[in-house]
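Here are my comments on the structure you asked me to read through. Please keep the model open beside them as you go.

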Amino acid sequence: MIKSIQQFGEIGINILGKVIEKFLEEPENHANFIYGVTESVTKLGLSIIAETLEEMDKELCLSSKRKQNWSIVKRDETTLLTSLGNVTYKKTLFIQKQTRERVYLLDKVMELKSHARMTEDVEARILEEAVESSYRKGGKNASITDGVSKQTVKNKIHQLEFPKIEGKIGEKKKVKILHINADEDHVSAQFYEKKGDIQKKEGRKYNTFMPKMVYLYEDVVPETDSVKVSKPRYRLKNVHYFGGMYEGKGNASLWEEVELYIEEHYDVSCLEKVYLCGDGANWIKSGCEYIDKSVFVLDRFHRNKYINNSVSHMLDSKGDAWDQITDCFSYEDKKEFNKVYRELKEYADTETKQKSIEEARKYLLSNWDGIVIYNTEQAIKGCSAEGHVSHVYASRMSSRPLGWSRKGTDRMSRLRIYYYNGGKMLDLVRNQKQELQKVAGGEELYSCSDILQSERKKRKETERYVENMTYRLPYPEIKKKMNLQEHIWRL
């Protein structure tokens, strides 16, 4: 770091002085001024990082603890991408005296994987952009001065592993009612596992993935900044998302995660009921088998959709037919319900319409309990699953003509869920670090006395150069004031 500061004092400050001078002469070009300062400071930062890493490597070479177990093999030059840009530095390859294992001890100290080409701050920047826009923009956002390819971004996302919900988080909340909504998105498949593997089945392509989403909340409350408005906006209180592909038997894993979250965050003894609302899909209804005290509720959107399909051919009598069906739900009369549908099919003039009416009848009967529950349960909230799927999933994966693989769909779904749960990308990147293999004799690579002695020496030299820089600012204050006064006079 000493050399970097010294070089900046000798060269960098002169460059900054010229940038400042140019700005004071032409203050309207403030963008060029900011670009110039950013470039100079970035170069200083990259230089400090490179020199600091080389100093750490030098300390490893001088360490008395290291000498007991490791021998020097050679020094290599390497490049590491950081959020500032590419840093080129030299590091030493060591060999273990007993096992003959070859390791760059600097990588072990920094907990970098073998052949790592980027730091964790870069990976966090990539994920922060890719989760909202695209792989390409995620690559461009990797650092201030350099980027990575969209293929690299894709590979990083495909390798992501997401943390499990573990342990009690603070004091458990005491609520009487919880609400769970569930739905899925329809994402276009580019391929399943490899390009070209989408095959036709039964005369059509099954080229859609359906990532599932479940979210849990306590209540619907008005937003504080819109309470005084005539039509206030509302939000879900303490909402938490779950999601991913969860195909086949994975559906059980999804509901087990929801069940675990409830057990770890809520006092189950106080919980009276959990309303599980959705479109009636089997995977949604199966949640009642895992969530204690839960009951299924059919969302009104799908109920109304199938009623409308049933009466659309009735022309002027459409309203009356609609009321007849809803009255059957109000009085919970299945016999009358079936009678109404027989009459509706008699008025249908095509076979296709008759099939549509019969399909609606079967759908509504299969979800009968989820419909009539509204008669007695006043605490049920409306289902907003369609909107949440659109906001959380579709806005990134299916609202535009994009194609995805099975793994890409799963990882991006989980990444979006992690993001909307307030997860930090840097924490996610750090979570990817598996326990690095302990190197023999590597428990104490530094001697405390060596470090203290080295740091005292560095501090004295640093203080000397900083003091020197303080009194060597190359641009006189008087000249700055004169240039500024010149522009003031022109006003």
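Predicted model: local features only at pLDDT ≥ 70, side-chain atom pairs only at ≥ 80, totals over all residues.

1. Residues are numbered from 1 along each chain as its sequence is written, and side-chain values use heavy atoms, with hydrogens and water left out.

2. Helices (H or I, at least four residues) and strands (E, at least two) are DSSP runs numbered from the N terminus, and two strands pair if DSSP finds at least two bridges between them. An open sheet is formed by three strands in the order E1-E2-E3, with antiparallel pairing. Strand E1 (70-81) and strand E3 (102-104) each have a single partner strand and stand at the edges, so one side of each is left without a neighbour in the sheet.

3. Strand E2 (residues 86-96) pairs with E3 over three bridges in the antiparallel sense, and Leu 93 stands opposite Tyr 104 in E3.

4. The other open sheet has five strands in the order E12-E9-E4-E13-E14, and its pairing is mixed. Here E12 and E14 stand at the edges, each with a single partner strand, so one side of each lacks a neighbour in the sheet. Within this sheet, E4 and E9 run antiparallel and are joined by six bridges, and the bridge partner of Ala 182 is Val 214 in E9.

5. Helix H8 (residues 250-265) has 16 residues and reaches 23 Å from its first C-alpha to its last, close to the 22 Å expected at 1.5 Å a residue, where the expected span is 1.5 Å times one less than the number of residues. Its buried residues (under 20% relative accessible area, with a 1.4 Å probe and protein chains only) include Leu 254, Trp 255 and Val 258. Among the elements that cover the buried residues of H8 are strand E4 (177-184), strand E9 (212-217) and helix H9 (282-285).

6. In helix H10, which residues are buried? They are His 302, Arg 303, Tyr 306, Ile 307, Ser 310 and Val 311. These residues cover an arc of only 165° around the axis, which puts them on the same side of H10; the arc is that of the directions from the helix axis to the C-beta atoms. The buried residues of H10 pack against several elements, including strand E14 (294-298) and helix H11 (318-331), where contact means heavy atoms within 4.5 Å.

Note on methods. Buried < 20%, exposed > 50% of the residue type's maximum accessible area, 1.4 Å probe, protein only.
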